[in-house]
Amino acid sequence: MAFEEKYSITVQRIKSNIIRELLKTATQEGIISFGGGIPDPETFPIKKLSEISSEVIMNEYKIALQYGSTEGDPELIKQYIRLLEKYDGIEGLTEENLMITTGSQQALFIIGTVFLDEDSYCAVSKPIYLGAGSAFNQRNPKYISIPLEKDGMNIDILEKELEKLEKEGKIDKFKFVYTVSNFHNPAGTSLSLEKRKRLIELAEKYDFIIIEDDPYGALRFEGEKLPSIFKLNNGERVILLNTFSKVLSPGLRIGVIIGNKELIKKMVLAKQGMDLCSSTLTQRIAARFMEKYDLFEEIQPTIEIYKQKKDKFMEALDKYLGDIEGIDWVRPEGGLFSWITLPEGFDTMEMFEIAKEKKIIYIPGETFYVDNPDRNTMRVSFCLPSFEELEEGTKRLRETIEEYAKRKGITLKTK
């Protein structure tokens with residue numbers, strides 16, 4: 001049967017997640033991987049989660065093993081509201097302001113479903129978080145890609161693009177700006193306080209919504225904590241996305257959407273057609289964990305480990321790559337990633353084959369763009385490799401760069 005004739009236009013647009021394909025190589029023996037952006041499993045609170053899971057199943061099975069509400073477990077929502085008050089100073093929220101999702105990826109899919117049509121415009125960072133691009137692509141919107149700087153999205157360029165849309169009479173089709181506010185995936189940058197305030201000003205002037213994705217904000221290991229865009233705007237035109245994946249366990253598959261009550265109602269309707277409800281079991285386990293333990297206190301040892309690994313990685317990058325003219329990388333204050341920009345003439349996707357020969361894995365930068373990719377970039381993660389692997393892997397990365405330059409006839413200038 002010719003199945004191709006039966007596929008929808010939407011599914012024909014979907015492409016394989018290239019990161020998943022590239023990371024298949026990471027399982028080979030002797031490979032050092034800077035590719036995966038996943039938490040170190042040794043940091044999971046295994047014993048505590050095991051005990052709570054058993055208690056929930058034995059004592060609360062009538063709820064935890066049954067269907068639940070689309071909005072989410074009221075106990076988990078209550079605990080999360082308390083967490084937002086304590087650590088982010090966000091007050092005045094009720095259960096109607098939150099919805100639990102099956103991971104933050106579903107939250108992004110819901111955002112696309114609720115707001116985007118084929119004639120819609122949205123602004124995203126350049127590079128963009130791949131999961132957001134995958135979710136929004138299915139709605140086939142018109143993207144406005146805004147370059148990232150060391151302190152986040154270039155707001156001047158965003159403003160010029162909005163002015164252009166207004167002059168063309170299309171500003172009513174502009175739906176939202178999507179930004180990863182802290183420790184951007186893939187770039188490792190954070191949006192400065194000044195830019196957060198300017199973004200809100202533009203949202204009020206041009207009447208659009210801000211989607212603030214903050215999966216890594218709790219993983220700050222140096223620098224000053226910044227107020228969320230949601231808090232700065234009192235949640236008036238900001239939708240905040242959080243997740244348990246980086247602070248408790250990605251296997252729980254729990255995401256959170258925080259926003260205006262009317263917006264949450266629409267998102268609940270969209271979610272009902274996707275999965276009826278997220279896992280009641282994992283929600284109740286997370287709720288009881290938060291009730292018994294301070295979630296952010298629990299992750300302090302993890303943050304210290306990540307800080308030490310980041311410092312070691314930055315030291316190795318300085319040692320092995322620092323003398324190359326035209327190279328640059330982000331020195332993150334938190335999160336799991338750095339972003340390396342090689343000199344002009346390099347193509348990190350093409351170079352990936354040499355990297356595999358050298359038994360080192362990174363993610364080519366071009367995978368993180370919705371248009372006009374910068375091919376001389378790469379995402380590297382420091383959270384999973386050991387300290388020894390961070391050193392050896394960076395050494396192999398230098399060898400990869402030198403070998404690629406040799407094969408392509410590129411003169412690698414050094415300082």
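**Loops, helix packing and a cavity**

Reader: Where does asparagine 234 lie?

Author: Asparagine 234 is found in the loop between helix H10 (229–232) and strand E8 (238–243). Helices (H or I, at least four residues) and strands (E, at least two) are DSSP runs numbered from the N terminus. The model is predicted, so to speak of local features requires pLDDT of at least 70, while side-chain atom pairs count only at pLDDT 80 or more and totals for chains, interfaces and linings use all residues. Residues are numbered from 1 along each chain as its sequence is written, and side-chain values use heavy atoms, with hydrogens and water left out.

Reader: And what is phi of asparagine 234?

Author: Phi is near 55 degrees there, which is a positive value in a residue other than glycine.

Reader: How many cavities of 30 Å³ or more does a search of the whole structure find?

Author: The search finds 1 cavity of 30 Å³ or more. A cavity is a set of points on a 1 Å grid over the protein atoms alone where a 1.4 Å probe fits but cannot get out; lining residues have an atom within 4 Å of a point. Grid points are joined across faces, edges and corners, and a volume is the space filled by probe spheres set on them.

Reader: How much space lies in the largest cavity, and which residues line it?

Author: The largest cavity holds about 50 Å³ of space. Its lining consists of Ser125, Leu148, Gly152, Met153, Thr179, Val180, His184, Thr189, Ser190 and Leu191. Strand E5 (152–153) and strand E6 (174–180) are the elements that give two or more residues to this lining.

Reader: What classes do the residues of that lining divide into?

Author: The lining has 4 nonpolar, 6 polar and no charged residues. Ala, Val, Leu, Ile, Met, Phe, Trp, Tyr, Cys and Pro count as nonpolar, Asp, Glu, Lys and Arg as charged, and the others, Gly among them, as polar.

Reader: On to helices: at what angle do H15 and H16 pack?

Author: Helix H15 (residues 348–357) and helix H16 (residues 387–408) pack at about 125 degrees, with their axes 9 Å apart. Axes are lines fitted to C-alpha atoms, for helices over the stretch in contact, and angles run from 0 to 180 degrees between N-to-C directions. H15 and H16 are therefore oblique to each other. Angles under 35 degrees count as roughly parallel, over 145 as roughly antiparallel, 65 to 115 as roughly perpendicular and the rest as oblique.

Reader: What is the orientation of H14 and H16?

Author: The axes of helix H14 (residues 300–321) and H16 come within 9 Å and cross at roughly 30 degrees. H14 and H16 are therefore roughly parallel to each other. Contact, meaning heavy atoms within 4.5 Å, involves residues including Phe313 and Leu317 of H14 and Leu390 and Ile401 of H16. By class, this contact has 9 nonpolar, 2 polar and 6 charged residues.

Reader: How do H6 and H7 pack?

Author: Helix H6 (residues 103–115) and helix H7 (residues 130–137) pack at about 40 degrees, with axes 8 Å apart. Among the residues in contact are Leu108 and Phe109 of H6 and Ala132 and Phe136 of H7. Their contact has 6 nonpolar, 3 polar and no charged residues.

Terms used
On a 1 Å grid over the protein atoms alone, a cavity is a set of points where a 1.4 Å probe fits but cannot get out, and a pocket is an open set with protein on both sides within 12 Å along at least five of seven lines; lining residues have an atom within 4 Å of a point.
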